[in-house]
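Here are my notes for anyone opening this one for the first time. Have a look at the chain below, then read the points in order.

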Amino acid sequence: MQLILASASPARRATLSSAQIRHEVRVSSVDEEALVAAEQRRVGALTAQQHVQLLAAAKARAVAQQVIAEGNPTAAAAVVGCDSMFSLGGAVVGKPHTAQVARERLRKMSGHAGTLFTGHCVIDLRDAPHDQCGDSLNGGNLRDSGLRDGSLREANGISQATVFIGELSEAEIEAYIASGEPLEVAGSFTVDGRGGPFVERIEGDYHGVVGISLPLLRELLGELGFAVTDFWQ
C-alpha cells in the first residue's frame, strides 16, 4: 500500500522515509489564509487546535479529490494532511515568511516555552466513489460518515508538545534568520535542522514537532482499518 502526503514539507517527507513508510507527495491548492478567514467569520476566533485541524482536513480532502478526479482512486490507499501552529504566551503563530517577523518571534521565544500543535487528517481512498467526488469532498465533516452516501471515511487527530527554547543571543538570532530556515516553518524554528541546538527539551510528541506524528498516524490509520505496517517499504 502507498500513502499520499498532502504536504510539500521536506521534514514530513523525511520523517515518513526514515520510518520506511511508502508514500508520494501531492501538494494541495488550498488557499489557507482565505479558508481561515472564512471560518473565523463563521465561528469567531480559532484556537490553535481548531486552526491546525481545519487546514489539515482541507489539504487532505483537496488532494483526495484530485486523486479521485484522475479516475484511479485506488492507486494509493490513503491520504494524510497535516498542519502545524505554535502557541506562545497565548498567541498562535504560523510561518513568519519575513525576516522581521521571524526576528520578533525568536526574541519572544528566547528563554521561554510554547506549545506546538499539529493537526492530522487521514482519508481512506479504498472505496472512493468515481462519480461523486465533488459531493463527497466539498465541505462538511466526513468523519464516521461511512460509505452509504458515497462519502469517504476519515480520521482526525492533533498531536502536541511543549517546546523549551534556550536563551538566544542576538548574533544567534541573526545567523539563524540569515540561513533562511525559520522563515517558512511554524513557530519560526525547527527541531530537526539548524534550530535543533536552540531547543533545550521537548515534553510530548517529538515527531509532531517535526511535522507529522508517527504514533498518531498509526492510530488514525488503525481507526480506518489499516495497519501502519501495511505501508512499510
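**Notes on the model**

1. Start with confidence, since this is a predicted model. The protein chain has a mean pLDDT of 89, with 89% of its residues at 70 or more. The pLDDT falls below 50 over residues 131-150, though this stretch still has 38 contacts in the model beyond near neighbours in sequence. I'd keep that in mind when looking at that part of the picture.

2. Which elements sit at the two ends of the confidence range? Helix H5 (residues 133-137) has the lowest mean pLDDT of the elements, at 38. Helix H8 (residues 214-223) has the highest, at 98.

3. Now the overall make-up. You'll find eight helices and seven strands in the protein chain. It has 233 residues, and 52% of them count as buried. Taking contacts with a separation of 6 or more, 74% are between residues 24 or more positions apart.

4. Strand E5 (residues 113-124) runs antiparallel to E6, and 11 bridges join the two. To find your way along that pairing, look for Gly114, which stands opposite Val163 in E6. E6 also pairs with strand E7 (residues 199-204), again in the antiparallel sense, over five bridges. There, Ala161 has Gly204 in E7 as its bridge partner.

5. Finally, zoom in on Ser84, which belongs to strand E3 (residues 78-88). Is Ser84 buried or exposed? Its relative accessibility is 12%, and buried means under 20%, so Ser84 counts as buried.

6. What does the side chain of Ser84 reach? Another, at 3.3 Å, is with the side chain of Arg12. Setting aside neighbours within four places in sequence, the contacts of Ser84 include Val52, Leu116, Phe117, Ala186, Gly208 and Gly211, along with Arg12 and Thr118.

Key:
Residues are numbered from 1 along each chain as its sequence is written. This is a predicted model: local features need pLDDT of at least 70, side-chain atom pairs count only at pLDDT 80 or more; totals for chains, interfaces and linings use all residues. Side-chain values use heavy atoms; hydrogens and water are left out. pLDDT is the predictor's confidence in each residue, from 0 to 100. Helices (H or I, at least four residues) and strands (E, at least two) are DSSP runs, numbered from the N terminus. Contact means heavy atoms within 4.5 Å. Two strands pair if DSSP finds at least two bridges between them. Buried means under 20% relative accessible area, exposed over 50%, partly exposed in between (1.4 Å probe, protein chains only). A polar contact is a pair of N or O atoms within 3.5 Å; within protein, one must be able to donate a hydrogen and the other to accept it, and residues adjacent in sequence count only if both atoms are side-chain atoms.
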